[in-house]
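Okay, thanks for coming, everyone.

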Amino acid sequence: MSLNPRITNWQGQRVWLIGASTGIGRSLAEALHARGAQVIISARQQAPLMEFVAQHPGSQALPLDVTDREAVEHAAQQLNAQGSLDLVCYCAGYYKPMRADAMDLDELLRHQQVNQTGALHVVAAVVPAMLSAARDGRAPHLSLVASVAGLRGLPQSLAYGPTKAALINLAETLFLDLRPKGVAVSVVNPGFVATPLTAQNDFHMPALLTPAQAAQAMLQGWQRGAFQIHFPRRFTAWLQLLRVLPYRWYFALVHRMTGL
């Protein structure tokens with residue numbers, strides 16, 4: 001049973017992707033543009049956005065720092081004035097590997113500002129217009145890109161994991177509040193994807209996907225009407241299982257698997 005309306009036709013759909021200059025967001029923008037969506041991409045760096053627009057006629061670039069609340073509000077107002085948004089996907093993310101014996105408070109807070117506070121800025125800016133669109137008979141969709149690192153605590157994820165756990169909880173709560181009012185909500189929990197962020201890792205990343213493969217998995221999840229979209233399942237299914245293990249078993253298993 002689908003928890004959200006299935007998205008099977010992207011032709012003419014207005015899609016706002018926040019955090020789309022590289023990685024999953026960039027590949028997702030390319031895939032949606034190829035399917036006929038009207039793609040708006042946002043990120044802090046303007047040059048990659050303008051390059052995308054030059055290569056993808058009909059797309060729109062909107063440079064944006066998600067940590068700037070007023071800038072996010074202004075961007076949402078600007079886009080909603082042009083027409084209703086059918087899908088808003090928060091892809092922005094920040095990641096630095098960190099363990100507790102090398103804690104960096106500034107880095108911890110930077111993760112929080114981009115991964116969590118930035119998402120809240122976007123959610124607060126777009127939800128009122130989405131509710132209005134739903135009352136008019138449209139079916140807007142809000143999607144948050146979290147991570148399987150948010151399912152349970154993991155080594156090297158002291159800064160990153162808690163922010164992604166917050167996004168998962170946020171998406172679950174938003175679904176309960178918004179889905180009965182006609183606004184679809186989904187959360188995306190990728191495994192390892194080859195991006196500039198994961199390039200920092202100095203350990204083996206099992207079942208590593210390309211950004212294009214990740215984008216395809218997201219499209220398939222929205223087509224199924226899924227709430228949680230996680231991939232690749234040969235890897236993420238095990239992490240879903242770990243989520244329900246008692247702590248005694250979980251801590252021992254993670255230690256055995258990682259040696260950390």
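This is a predicted model: local features need pLDDT of at least 70, side-chain atom pairs count only at pLDDT 80 or more; totals for chains, interfaces and linings use all residues.

Let's start with the helices. Two packed helices are described by the angle between their axes and the distance between the axes. Take helix H1, residues 23-34, against helix H6: the axes are 8 Å apart and the packing angle is about 60°. With that angle, H1 is oblique to H6. As for the handedness, H1 and H6 make a right-handed crossing. Who is actually touching whom? On the H1 side you've got Gly23, Ile24, Ser27, Leu28, Ala31 and Leu32, and they meet Pro211, Ala212, Ala214, Ala215, Met218, Leu219 and Trp222 in H6.

H1 also packs on helix H2, residues 46-55, here with an angle of about 20° and axes 12 Å apart. Under 35 degrees counts as roughly parallel, and H1 and H2 therefore get that label. H1 passes H2 in a right-handed crossing too. The contacts here are Arg26, Ala29 and Glu30 from H1, meeting Pro48, Glu51, Phe52 and Gln55 from H2.

One more pair of helices: H3, residues 69-82, and H4. Their axes cross at roughly 30° and come within 9 Å. That makes H3 roughly parallel to H4. This crossing is right-handed.

Okay, on to rings. How many aromatic pairs does the structure hold? There are 5. I'll show you two of them in detail. Tyr95 and Tyr160 sit edge-to-face, with 5.0 Å between the centres and 70° between the planes. That pair links distant parts of the chain: Tyr95 is in the loop between strand E4 (87-90) and helix H4 (105-135), while Tyr160 is in helix H5 (residues 160-178), 65 residues apart. Are those two tyrosines buried or exposed? Both Tyr95 and Tyr160 are buried.

Next up, Phe175 and Phe227. These two are edge-to-face as well, at 5.3 Å centre to centre and 65° between the planes. Phe175 is in helix H5 and Phe227 is in the loop between helix H6 (211-224) and strand E7 (228-231), so this pair ties together parts that are 52 residues apart in sequence. Phe175 and Phe227 are both buried.

There's a cluster as well: Tyr247, Tyr250 and Phe251 form one aromatic cluster. Elsewhere, Arg110 lies over the face of Tyr94, at 5.6 Å from the ring centre.

Most residues other than glycine have a negative phi, and most peptide bonds are trans. Gln156 isn't a glycine, yet its phi is positive, about 75°. You'll find Gln156 in the loop between E5 and H5. It's a close call on burial: buried means under 20% relative accessible area, and Gln156 makes it in with 19%. Then there's the peptide bond from Phe231 to Pro232, which is cis, with omega near -10°. Pro232 is in the loop between E7 and H7.

Let me finish with two single residues. Ser157 is in the loop between strand E5 (141-145) and H5. Its relative accessibility is 10%, so Ser157 counts as buried. What does Ser157 contact, once you leave aside its neighbours within four places in sequence? That would be Met98, Ala149 and Pro162. Ser157 and Pro97 are 60 residues apart in sequence but 5.9 Å apart in space, C-alpha to C-alpha.

Last one: Leu241, in helix H7, residues 233-242. Leu241 has a relative accessible area of 45%, which makes it partly exposed. Leu241 and Leu151 are 90 residues apart in sequence, with a C-alpha to C-alpha distance of 10.0 Å in space.

That's my tour, so over to you for questions.

Note on methods
Residues are numbered from 1 along each chain as its sequence is written. Side-chain values use heavy atoms; hydrogens and water are left out. Rings of Phe, Tyr and Trp (its six-membered ring) pair if their centres lie within 6.5 Å; planes under 30 degrees apart count as stacked, over 60 as edge-to-face and the rest as tilted. Helices (H or I, at least four residues) and strands (E, at least two) are DSSP runs, numbered from the N terminus. Buried means under 20% relative accessible area, exposed over 50%, partly exposed in between (1.4 Å probe, protein chains only). A charge sits over a ring if NZ of Lys or CZ of Arg is within 6 Å of the ring centre and within 35 degrees of the ring normal. Axes are lines fitted to C-alpha atoms, for helices over the stretch in contact, and angles run from 0 to 180 degrees between N-to-C directions. Angles under 35 degrees count as roughly parallel, over 145 as roughly antiparallel, 65 to 115 as roughly perpendicular and the rest as oblique. A crossing is left-handed if the near helix is turned anticlockwise from the far one by less than a right angle, and right-handed if clockwise. Contact means heavy atoms within 4.5 Å.
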